[in-house]
Amino acid sequence: TAAVAGFDSCPNWGQATVCAGEQTIAGNKSLKYSNLNYEGLDWSATAQNVSTKSTLHIDFWSPDVTSVKVSIISAGKENAVTQTLTTGVWNGVDIDLAQYTVPDKT
């Protein structure tokens, strides 16, 4: 698990995803998951105010996943934004936070 106070990269919410936590891959710190069906990054211990931010940037790599749904969540409120991925390469994704109309971003 990443060593950031108040952050859990492997919360156990009953999902099938296997979390290997933080790994160094090609010299870069990465979070590694397998058998991915659902996974969250839990900041609930130190909630993040993203109301003044414009984008969420995430990098994905997978040998076989062609799309992912990315949500931000506040007190059970969420909406997913689907991102198309190219397999076998790193995909840098910038999501306009204005697409998240349901959660409270503060």
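A residue is taken as buried when its relative accessible area is under 20%, as exposed when that area is over 50%, and as partly exposed in between. By this criterion, 25% of the 106 residues of the chain count as buried in the structure, which is a predicted model.

The chain contains six strands and zero helices, and its elements follow the order β-β-β-β-β-β from the N terminus. The radius of gyration is 14 Å, close to the 13 Å that the globule rule gives for 106 residues, so the chain is as compact as a globular protein of that length. The C-alpha trace spans about 35 × 30 × 30 Å along its principal axes. Of the contacts between residues at least 6 apart in sequence, 49% join residues at least 24 apart.

The accessible surface of the chain amounts to about 7,100 Å², and carbon and sulfur atoms account for 50% of this area. Charged side chains comprise 6 positive and 10 negative ones. The centres of the two sets are 3 Å apart.

In soluble globular proteins, nonpolar side chains tend to be buried together. In the present model, the largest nonpolar core consists of 10 residues: Phe60, Val68, Val70, Ile72, Val81, Leu85, Val93, Ile95, Leu97 and Tyr100. Strands β4 (67-74) and β6 (91-96) each supply at least two residues of this core. The contribution of β4, three residues, is the most given by any element.

When residues up to four places away in sequence are not counted, Val70 touches Leu56, Ile58, Phe60, Asn79, Ala80, Val81, Gln83, Ile95 and Tyr100. One of these residues, Ala80, is 10 residues from Val70 along the chain, and the C-alpha atoms of the pair are separated by 5.3 Å. Val93 is also listed in the core. With its neighbours within four places in sequence left aside, Val93 is in contact with Leu56, His57, Ile58, Asp59, Phe60, Gln83 and Leu85. Among the residues in contact with Val93, Phe60 and Leu85 are themselves members of the core.

Ala20 belongs to strand β1 (residues 18-25). Its relative accessible area is 43%, and Ala20 is therefore classed as partly exposed, the range between 20% and 50%. Ala20 and Thr101 are separated by 81 residues in sequence, and the distance between their C-alpha atoms is 32 Å.

Positive phi values occur at two loop residues described here. Asn35 is not a glycine, yet its phi is about 55 degrees. Asn35 is placed in the loop between β2 (28-34) and β3 (55-60). With a relative accessibility of 54%, Asn35 counts as exposed, since the cut-off for that class is over 50%. Ala75, likewise a residue other than glycine, has a positive phi near 40 degrees. The loop that holds Ala75 lies between β4 and β5 (77-84). Ala75 has a relative accessibility of 84% and so counts as exposed.

Technical notes. Residues numbered from 1 in each chain as written. Predicted model: local features only at pLDDT ≥ 70, side-chain atom pairs only at ≥ 80, totals over all residues. Heavy atoms only, no water. Core = buried A, V, L, I, M, F, W, Y, C linked by side-chain atoms within 4.5 Å. Buried < 20%, exposed > 50% of the residue type's maximum accessible area, 1.4 Å probe, protein only. Helix = DSSP H or I, 4+ residues; strand = E, 2+ residues; numbered from the N terminus. Contact = heavy atoms within 4.5 Å. Rg over C-alpha atoms; globule rule 2.2 N^0.38 Å. Areas by Shrake-Rupley, 256 points an atom, 1.4 Å probe, with all protein chains shown as cover. Lys, Arg positive; Asp, Glu negative; His and termini not counted. Charge placed at Lys NZ, Arg CZ, Asp CG, Glu CD.
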